[in-house]
Amino acid sequence: MITIMLVDDHPVVREGLRGMLEAEADLTVVGEAGSGDEAVALDRVKQPDVVLMDLRMPGLDGVGAIRAILAETPARRIVVLTTYETDADILRAVEAGAAGYLLKDASRTELAGAIRAAARGETVLAPSVAGRLVHRMRNPEPVSPLSPREVEVLRLVAKGLTNAEIGRALHIGEATVKTHLLRVFAKLEVSDRTAAVTTALDRALLG
């Protein structure tokens with residue numbers, strides 16, 4: 001028998017999930033939590049095999065709850081079950097240690113199968129989520145060699161501001177502006193302001 005804890009701030013959702021899952025002979029729901037904080041506390045008591053975790057909840061959200069539970073019990077299998085499939089949500093959940101990421105439009109068969117797979121130690125992803133992760137891995141976002149402050153300075157250079165004007169805009173000294181620009185020149189391997197702006201734009205470093 002695989003024991004499950006349901007975490008969702010909507011009672012009607014938890015009720016529906018309990019009905020779906022307990023129709024399966026080998027699955028049983030041992031606890032329900034309506035928030036991330038409640039989930040962390042209940043997990044200590046119930047020690048479920050698998051946690052079905054919503055993402056968006058008041059107070060401690062799903063990602064925070066995943067981190068907290070896994071900090072105490074690293075072997076816990078936590079599967080996200082949500083309506084959201086943005087890249088940011090998926091990556092935050094996976095990086096927090098989620099064993100899977102499913103969408104709430106999953107059928108009973110898909111959900112039950114995913115829980116069994118998670119309990120066996122497998123990773124379970126909705127097809128659309130898997131596709132997004134593969135795309136993200138194949139097309140990683142460029143990592144800027146410039147610091148946030150250097151980007152700010154260069155954006156103002158691109159607008160035609162002088163070093164003195166940039167210093168006033170950012171509340172730093174003109175000498176500090178020059179230092180930032182020298183670092184930018186070195187990182188981008190250019191020798192003047194115009195080339196720095198052009199190179200940064202070509203490499204999509206200014207957003």
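1. Ile4 of strand β1 (residues 2-7) stands opposite Val50 in β3. β1 and β3 (residues 50-53) pair in the parallel sense over 4 bridges, where pairing requires at least two DSSP bridges between two strands. Strands here are DSSP E runs of at least two residues, and helices are H or I runs of at least four, numbered from the N terminus. Please keep in mind that this is a predicted model: local features need pLDDT of at least 70 and side-chain atom pairs pLDDT 80 or more, while totals for chains, interfaces and linings use all residues. Residues are numbered from 1 along each chain as its sequence is written, and side-chain values use heavy atoms, without hydrogens or water.

2. On another side of the pairing, Val29 in β2 is the bridge partner of Ile4. β2 (residues 27-33) runs parallel to β1, joined by 6 bridges. The chain gets from β1 to β2 through helix α1 (residues 11-21), in a right-handed β-α-β crossover (clockwise from the first strand over the helix to the second, with the strands pointing away from the viewer).

3. How many residues of β1 are buried? The count is 6 of 6, with buried meaning under 20% relative accessible area, exposed over 50% and partly exposed in between (1.4 Å probe, protein chains only). In a regular strand the side chains alternate between the two faces of the sheet. Here Ile2, Ile4 and Leu6 are buried on one side, and Thr3, Met5 and Val7 on the other.

4. The UniProt record (unreviewed entry) places "domain: Response regulatory" at residues 3-119; such annotations may be inferred rather than shown by experiment. That span is 47% helix and 22% strand, and its end C-alpha atoms lie 9 Å apart.

5. The domain assignment, automatic or from a database, gives domain 1 (2-138) and domain 2 (148-203). Their C-alpha centres are 46 Å apart.

6. Helix α7 (residues 148-158) has Glu150, Val151, Val153, Leu154, Leu156 and Val157 as its buried residues. Their cover includes α8 (163-170), α9 (174-188) and α10 (193-202), with contact taken as heavy atoms within 4.5 Å. Gly160, which follows α7, has a positive phi near 95 degrees.

7. Two backbone angles deserve a look. Most residues other than glycine have a negative phi. Glu189, however, has a positive phi near 60 degrees, and it sits in the loop between α9 and α10. Ala204, in the segment after α10, has a positive phi of about 55 degrees. Glu189 counts as exposed because its relative accessibility is 73%; Ala204 counts as exposed at 55%.
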